[in-house]
Amino acid sequence: MKVIRCIKSDKPSLSFEVFPPKSTANLAGVMASAEEIASLHPSYMSVTYGAGGSAAGYTAEISSALLALGVTPVAHLSCISATKEKILSLLSDFKARGIENILALRGDLPEGGGKEVLTEFRYASELTSLISEVGGFCVGGACYPETHPESKSSAADIESLKIKVECGCEYLTTQMFFDNNILYNFMYRLLRAGVDVPVVAGIMPVTNALQIKRICSISQNSLPQRFLRIVDRYGDKPEVMKQAGIAYATEQIIDLYANGVNAVHVYSMNKPEVAAAIKNNLSEILKG
Ligand code: FAD
């Protein structure tokens, strides 16, 4: 199934994300988590692609396992360290496995690497074009309600999203955000710029204080006072923080659905219990 169908639907959709392990030793554990999350019957599941193109094989492998479990996978694919030949070969592997959905990304520069990374692709839009040329895939892309850190301005960032859409990107999934008004403002600016593909809201349930530090180091998220108070009070109490983080994410999701943002993607970080708690909190709402 092409995920654009459920993303465009008037019914609320809820999808989850898993990330592949860095080494084969952890593959079985990740597969077990993916299987547990799949048993929740999400609308689809995305499988990330290792930074700088590492762990590429596991993305395809985990996506195949999800297909076998009856869950539609979205395989992430990044182009920052890839040649065109390598991408074409990965695409034919995806096709042979029955993977129909790709989130086309540029990818971040590998840690410790300089700016001169081998690449035949500068931007995700170039990867999107290539995938569209090959054909047969539903292609999504990433977007940043608080602006991509390398962009000069929000307007420039939105212009580059316009190009991505012109190259064949059918929907955009957002970077995490913790204040829904930031998303609503962003969606308004997208529409004003003529970017009218569906936007999937990416929600991160923050279940421990360490995650906050990591989030702040990789993105420019503004953290609302309401959220910071929760972390201040419960950050050093793991079980309480988990409960509060799940409640905060649930509230965000209910507000999104209530305002007509029907497609929500949860950065479930290979944690089946977090995915299950959110799904359970929304059980009646998801009936549409
Ligand atoms: P692009 O769309 O290429 O944008 C990168 C920068 O270039 C932006 O500043 C943009 O404004 C600018 N730009 C784009 N096109 C043009 C143009 N034509 N002219 C001028 N400027 C332009 N990383 C991984 O390694 N693996 C993953 O699985 C992964 N999954 C992700 C999922 C989501 C939903 C998100 C939001 C991010 C994900 N990332 C992942 C991180 C992503 O790779 C990084 O944020 C990366 O820095 C940018 O990727 P992009 O695809 O958005 O790049």
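This is a predicted model: local features need pLDDT of at least 70, side-chain atom pairs count only at pLDDT 80 or more; totals for chains, interfaces and linings use all residues.
Reader: Leaving aside neighbours within four places in sequence, which residues is serine 33 in contact with?
Author: Contact here requires heavy atoms within 4.5 Å. With its neighbours within four places in sequence left aside, the residues in contact with serine 33 are Asn270 and Pro272.

Reader: What is the geometry of the pair formed by the rings of phenylalanine 227 and tyrosine 248?
Author: The structure holds two aromatic pairs. In the pair of phenylalanine 227 and tyrosine 248, the ring centres are 5.0 Å apart and the planes stand at 65 degrees. Planes over 60 degrees apart fall in one class, so this pair is edge-to-face.

Reader: How many residues apart are phenylalanine 227 and tyrosine 248, the two members of the pair that links distant parts of the chain?
Author: Phenylalanine 227 belongs to helix α9 (residues 225-234), and tyrosine 248 belongs to helix α10 (residues 238-258). The pair thus links distant parts of the chain, with a separation of 21 residues.

Reader: Which residues do ring pairs link into a cluster?
Author: Phenylalanine 227 and tyrosine 248 form an edge-to-face pair. Both belong to a cluster linked by ring pairs, whose members are Phe178, Phe227 and Tyr248.

Reader: What is the distance from a polar side-chain atom of tyrosine 144 to an oxygen atom of the ligand?
Author: A backbone N or O atom of glycine 107 lies 3.0 Å from a ligand oxygen atom. For an N or O atom in the side chain of histidine 148, the distance to an oxygen atom of the ligand is 2.8 Å. For the polar side-chain atom of tyrosine 144, the distance is 2.7 Å.

Reader: What percentage of the ligand's accessible area does the protein cover?
Author: On its own, the ligand has 970 Å² of accessible area. Of this area, the protein covers 85%.

Reader: Which element gives the most to the shell around the ligand?
Author: The shell holds 24 residues, and Tyr49, Asp108, Tyr144, Ser151 and Asp157 are the closest. They divide into ten nonpolar, nine polar and five charged residues. The elements giving two or more residues are β4 (101-105), α6 (154-166) and β6 (171-174). The one that gives the most, with four residues, is α6.

Definitions and conventions: Residues are numbered from 1 along each chain as its sequence is written. Side-chain values use heavy atoms; hydrogens and water are left out. Rings of Phe, Tyr and Trp (its six-membered ring) pair if their centres lie within 6.5 Å; planes under 30 degrees apart count as stacked, over 60 as edge-to-face and the rest as tilted. A residue is near a molecule or strand if one of its heavy atoms lies within 4 Å of it. A polar contact is a pair of N or O atoms within 3.5 Å; within protein, one must be able to donate a hydrogen and the other to accept it, and residues adjacent in sequence count only if both atoms are side-chain atoms. Accessible areas come from the Shrake-Rupley method with a 1.4 Å probe; for residues, only the protein chains shown count as cover. Ala, Val, Leu, Ile, Met, Phe, Trp, Tyr, Cys and Pro count as nonpolar, Asp, Glu, Lys and Arg as charged, and the others, Gly among them, as polar.
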